[in-house]
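Hi everyone, thanks for coming. Let me put the sequence and the structure up, and then I'll walk you through a few things.

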Amino acid sequence: MNSAGLAAATATHCPYCALQCGMTVEVTPEKVRTRPREFPANGRGMCQKGWTSAAVLGTPGRLTAPLVRAGSADLRPASWDDALDHVARRLTEIIAEHGPGAVGVLGGGGLTNEKAYLVGKLARVALRTPHVDYNGRFCMSSAAAATIHAFGADRGLPFPVTDLAEADAVLLVGANVAETMPPFVQHLRRAINADGLVVVDPRRSATARLAGLHLRPQPGTDLALALGLLHVAVTDGHVDEAYVRDRTTGFDAAWRLAARWWPERTERATGVSVADQRLAVRLLAQADNAYVLTARGTEQHANGTAMVSAWVNLALALGLPGVAGSGYGTITGQGNGQGGREHGQKADQLPGYRKVDDPVARRHVAEVWGVPEAGIPGRGKSAYEILDAAGRPGGIRALLVFGTNPVVSAPDAGRIAERLRELDLLVVSDFVLSETAEIAHAVFPVTQWAEEDGTLTNLEGRVLLRRRALDPPDGVRSDLDVISGIAVRLGQPAERFPTAPEEVFAELGRAGAGGPADYSGMSHERLRAGESLYWPCPSPDHPGTPRMFLDGFPLPGGRARFAAVDHAPPPETTGDRFPLWATTGRLLPHYQTGTQTRRVGELTEAAPEVYVEVHPDTATRAGLAEGDRAKVTSARGSTSARVRFEPGMRLDTVFLPFHFPDAQRANLLTNPALDPISRIPGFKACAVRLEPDLSTEGGSGR
Amino acid sequence: MTVRKVVIIGYGMAGARLAEEIRTRDPEGARVALTVVGAEAHPAYNRVLLSSVLAGGLDIRSVLLHEPGWAERAGVDLRVGVPATRVDRVARVVELADGTRLPYDAVVLATGSNPWLPPVEGLLDESGRPADGVVAFRDLDDCARILEAARPGAPAVVLGGGLLGLEAARGLVARGSMVTVVHPLGHLMERQLDPGAGRVLADALNRTGVEFRFGRFARRCVPGSEVELDDGTLVPAELVVVSTGVRPAADLARDCGLHVEQGVVVDDALRTSDPRIHALGDCAQHRGVVNGLVQPAWEQATVLADLLTGANPGARYRGTPVVTKLKARGIDLASLGEVHVELDEPGAEVVRVEDPTRGRYAKVVLRDNVIVGAILLGTPDAAATVVQLFDRGLPAPDDRVALLLGRSLAEATTVNPADLPASTLVCRCNTVRKEQLVTAWNGGARAVDTLVAETRATTGCGTCHDLVSAIAGWLATRKPAPA
């Protein structure tokens, strides 16, 4: 296809977050422009990232040829065939020497459904390694584990996001939507106007400023707060007893633990006053339409699964989930964070959101793939464990990375970068030389969103068509071509690794048929025709499922399950050496590790560098004035950051955005302690100290 | 590894928690064989929640600490309804009332405390138990008796204006009783409050319907009818709730010759004078302090479980900062640390805000910029923040008054577009500052929609729409700048 054959204006979606705002890409001979397009999820809204996204297409650092590092030399351009041959040869050698388990594959929540599916198939069929996982392990896995336990399925919002517009009260826990997905806020307008928006966040975020009630728990104590609110719901008579009796199980065991979190004890542990606890629950209970929504702030903890379960418990006690006009949801972050966790790029999972150790699922998928069931590896290492095993004897020797940048995004990032340098082979697919690509042995230049077709599943479980608006630069191919190119060179038949998105989508539908996330009734054709399709959609004549659980939960007896969870303090606590809590998060102008957004002038101007947000008294006592450069240090490393005063901060807490590279990485500080169930790291609470940065460069990896 | 035989005497909040903590560390019973002995017939319950039961928020079943079958699943030999009668330290055997002899390697006394009843005529019946219509507000059975007796309009007297007495009074008033609290001293909760705070609290409770008689004590009680005070006045009382203090239950310890002062004396490893016998909770006296609160007991349980299972032989208990919170609906009161400090005491900084009209009284005591005591009444924001700063010994914020007032210091909500600095961020979603709107206006964008088209303001979340409109309105009407 050539440029002349493409429409001048293409209806597609924004490349960034999970809201997936409707967007029009206009291509003229002079330039490419983006503007918002009327779409339910965003109305007509779009944030600065979307408005400026076209700038990334023509970014100066754009890679247009594969790069290969031979020996200790620099990365040098190579032809696609040479680069793929090289990678396949090295993989073959490494597998021959160390076995298939020495290869790891990391995918991403920004990849299309088609890519996510093929990443998993590459690992399990072509490489035959169990070690495939994705960066969503760092964000969505706690919510996924908790909601699968509670509801029997994990769809971020099991209702259309536009339903929120009818809400009188919304409890937003650890979600800063005003910063991370601004057009989402318009759906909260009614709740905001009714003073019914309750925000739980240790800091006075942009979203907290919109709230009628802001609860500021000490970092890491969300679970105590959730238990306290459940306690108040019971003692103040707000439990929906008929709902609990008829639609749930396990209340008594959950209550036995929540009973120990009477409001006064909860206040002492969390810093949220008894009066505010009571008010928050009353607002939710008395609203006609009420929702509980959680996000990374409460999920990214070393007990994140239990934390989410505690918020789900509260929603169940109030009778919200699976009832029209109310509910519980988790706000997915990455563009395809939802689809990315459904199609088999997770260590424990096969396409269709099925478990890799479920014999029925294995047989089904083996048949679709045309391989023996025994040939499909079992459960593998999770994302952090793959990174942590990199370069170790008996660990991961070769790693393929698609659509993620762990050198910046992983917890304890300084150590992870050291591990990756020990690999025998690191292969990265990206559109620029990301921080991870810089240390790779081979880099493949791949297409960006406006240059490809594919599907993404947004935060509400609606499958969307991403449309190709212009040709990629010469020399750039899709991740699907990289995957197929490697697989074929490892001896796989080409038809088993198709590169046409529509064909891959049809196959992933077959592979996932009968699973919880059933796409088998969907097709690119139906999406092109403008159908609004939410999974599950098990047959071509099925209209999809905008609202799940209304008739019951996919669990025994159709009943949702309470989880008996209790609070535990974070794995490290503040003390003399590290007296402050640090928490990390996002800024409006940037997305994830900034690989895209740090290349847009307008965005870097708005947010040029990392800063540390701190209460003026806390800063002053550390000898710091506004605008000074501070050294923030944890037990793992130091980050150099500009001081920003924020009187709304707790005295014991500082905040750093994590989008920035090198010595500005917030993740040099964070604790890699993992949740026992979801394997999510605790990004949101680590102990630090604050002092003036006296060096000129500032910061160090360790 | 040999399995140690541990016997916990007492199945209340401390004993039950200790059993759980031990099983968390030793789920299979590989290190500790655990027996728990409870004198009361019913299972362990959460005593803290009794005031919620009284206030009507919980039924009695909801306060049980364990589900039926817990002991069996947890591998605990639980014996309830059988008091321990003796600890034979020579034979290392605990003897129970039914004749059972339990050999031990370690014993834990978790016997709690008993209510102390003042010597008032008529309070006790012939058998020495509280007479009909007289209840000590202490255990689950007391709670049930109070609930039975509380009726709308029925007069009740609470003897004792301490924490529990006031919680009982508040609960009874919520159920419609006519309550009079009789307190022998001049102000309420005299250990936790100074006179000023005590007065404000009395006023606040009085507004909910509780009456007070200060500086008086009961001389005679006619059960089911009335109480006669020391000045001869009669107060009608179908129900008398006695809340005049508790005493550690230390008889077992005393009888077997352990060192007992107010309570059973323990060291930082919660050992009594016999290192094979430990004590925790209300019956124990640690560093001279007998605690009647649950938080210290639970922290002690953590330490003791570490020691008894060997999970952390270095674990020690070093005390818990005391924070008292009144659990009374509609009244927010916290008291912590040193509160009886006068404004002029050298070395101390005392900040006090009194607002009796609105039932507020806030006092913090600081030394070297650290909060060492506080009374916070009617200031929930301050209470929540101060308690955390106090617990962790963190420096207080410089603006003490803002700390005490919390959200009462409202943020400015109305803005005049003319007064905003040019650099004010108007649209966060698209990083549009006021100056860009002014520039666009001057460049010909003379309406909201053209300003939007030019700057992209309002096109994200839409929250700034009103402000952009206000700025447009201001731009349209502002006077031209002087030449």
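Here's one to start with: in strand 27 of chain A, which residue is the bridge partner of Ala582(A)? Before I answer, a word on what you're looking at. This is a predicted model, where local features need pLDDT of at least 70 and side-chain atom pairs count only at pLDDT 80 or more, while totals for chains, interfaces and linings use all residues. Residues are numbered from 1 along each chain as its sequence is written, and chains are lettered from A and ligands numbered from 1 in the order in which they are written.

So, the partner is Val654(A). Ala582(A) belongs to strand 23, residues 580-585 of chain A; strands here are DSSP runs of E, at least two residues, and helices are H or I runs of at least four, numbered from the N terminus. Strand 23 pairs with strand 27 (residues 653-657) in the parallel sense over 5 bridges, pairing meaning that DSSP finds at least two bridges between two strands. With strand 30 (residues 686-692), strand 23 runs antiparallel, joined by 3 bridges, and there Ala582(A) stands opposite Cys686(A).

Is strand 23 buried or exposed? Buried: 6 of its 6 residues are, with 20 or more other C-beta atoms, placed from the backbone, within 10 Å of their own. Leu580(A), Ala582(A) and Thr584(A) cover one side, and Trp581(A), Thr583(A) and Gly585(A) the other.

Stepping back, chain A has 23 helices and 30 strands. Of its 702 residues, 65% count as buried, and its C-alpha trace spans about 70 × 65 × 55 Å along the principal axes.

Note on methods
Buried ≥ 20, exposed ≤ 12 C-beta atoms within 10 Å, placed from the backbone.
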